[in-house]
Amino acid sequence: MPHRIAVVGTGYVGLVCGACFARLGHSVVCVDRDAGKIASIEAGEIPIFEPGLEDLVTAERAAGRLTFTTDTAAAVRASEAVFIAVGTPPEPKTGNPDLTAVMAVADAVLDAVDGFTVLVTKSTVPVGTARRLEARILERQGIDVAVTSNPEFLREGNAVHDFLEAERIVVGSRDRRAADLMESLYRPLIDRGSVLMVTTPETSELVKHASNAFLSTKIAFINEMARLCEKVGADVEMVAHGMGLDARIGPRFLKPGPGYGGSCFPKDALALANAARDAGSPLSIVETVLSSNNWHKHAMVTKIADAVGGLDGRRIGVLGIAFKSGTDDVREAPALTIISELVKGGARVTAFDPQAMENARPLLNGIGYAEQAAEVAEGADAVVILTEWPEFRDLDFAAMRARMRRPVLIDLRNLVEPDRAEAAGLALHPLGKAA
Ligand code: UGA
């Protein structure tokens, strides 16, 4: 049954959810206080790079199921459920998510409601946020609003697919009417096999943070194994393969790299660790994962330095700045730390990324940017792959080798076939295994 919903915040999460709920047949109004942003989306300009999203937004707008506005109150009054999908950036001092925007939207919703309304937190919020929102509702007289936690599990670069093919939908609410509405909203996905879990808001909020912390743990774990493999002459890819054959472990999220990054894993693990400390139940594993990931990035700088015999005066070409392929996002990208450390060590860095250079420029000063991937090889003592963009696998390595001062390729994503590097005369330094 089609419902009327509002999604407040047209950033990454909000836009994806809004467009996908429209695709499920609902009537969706996306709200943002930034009139310029709304105008440009209405002009067909999607502010983020996300495969499939632009086509989806265009199709759903044409079908009349997806509209945009800056008028929160009108959108709230026209809707059965309001999803809060605004940013929760880390506070500079503590790293905890700043809930100012979430609370401001909640207040605007409570000011506007004129009938039973479900208030949904889609933004990733710390455990206890639903209780805070419920307390705000209790302070007011005569409004009928049910708070619901409904975390999103989208991956950047796969967001539309992850929403429409969700493995699980987690709903946390103390109100039966809210849980029923959420089930009805997601009914098309549940009928296609997505598992719906209905629980309390606290449990739902923790499912999100615990999932991200656990996935971070897998990556930090395999990155430590990669460094050990290099010392003892083992092959981390085969170690991961062998581990993953045990169904209890599973093969996914065991790919070594230069460290995990992005807007979620680092921030969420820190928020969880802080919340746990505040609750008097510190999470030693999560805290160790955080420091392990930080340490790993520095270990990667040492690996690069060792491969070129020290950093001072070396020219390093870097391929990839985004925190992973398929996105222009550089938030917490390991490349930011690694490149900064290379520069601090006296290296001259030229970098290329097919999508992320514009976002990187304000954050990475004192380096050169190449127009083409192959250009980073010009005069280089080493080329380092930091992001697994598939196109880097198929570069003309022989031509690149010809432009380099020294034939060193450090592949921190294990992307390049050793045979291809060898055929091009490049000394390949993969991660966690012999070349
Ligand atoms: C992550 C989660 O995967 C989503 O489920 C979650 O919804 C999202 O955070 C969020 O909380 O919003 P995302 O940050 O888009 O999604 O990126 P991932 O694809 O999970 O990658 C995270 C980082 O881990 C990247 O830096 C990636 O390169 C690294 N990674 C991932 C590895 O180094 N090895 C792996 O095997 C997997």
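**View 1. Thr124 sits in the loop between β5 (117-121) and α6 (129-138).** Helices (H or I, at least four residues) and strands (E, at least two) are DSSP runs, numbered from the N terminus. This is a predicted model: local features need pLDDT of at least 70, side-chain atom pairs count only at pLDDT 80 or more, and totals for chains, interfaces and linings use all residues. Residues are numbered from 1 along each chain as its sequence is written. Thr124 counts as buried, with 22 C-beta neighbours inside 10 Å (buried: 20 or more other C-beta atoms within 10 Å, C-beta placed from the backbone). Leaving out residues up to four places away in sequence, Thr124 touches Thr88, Pro151, Lys208, Cys264 and Asp268 (contact: C-beta atoms, placed from the backbone, within 7 Å).

**View 2. Lys267 lies in helix α11 (residues 265-278).** Lys267 is buried, with 20 other C-beta atoms within 10 Å. Beyond its neighbours within four places in sequence, Lys267 contacts Pro90, Gly95 and Pro97.

**View 3. An open sheet of six strands runs β11-β10-β9-β12-β13-β14, with parallel pairing.** The edge strands are β11 (368-369) and β14 (427-430); each has a single partner strand, so one side of each is left without a neighbour in the sheet. Two strands pair if DSSP finds at least two bridges between them. β9 (residues 315-319) and β12 (residues 382-385) pair in the parallel sense over four bridges. Ile316 stands opposite Ala382 in β12.

**View 4. Helix α12 (residues 284-308) lies across β9, β12, β13 (408-411) and β14.** α12 runs at about 165 degrees to β13. Axes are lines fitted to C-alpha atoms, for helices over the stretch in contact; angles run from 0 to 180 degrees between N-to-C directions.

Notes
Two residues are in contact if their C-beta atoms, placed from the backbone, lie within 7 Å. A residue is buried if 20 or more other C-beta atoms lie within 10 Å of its own, exposed if 12 or fewer, and partly exposed in between; C-beta atoms are placed from the backbone.
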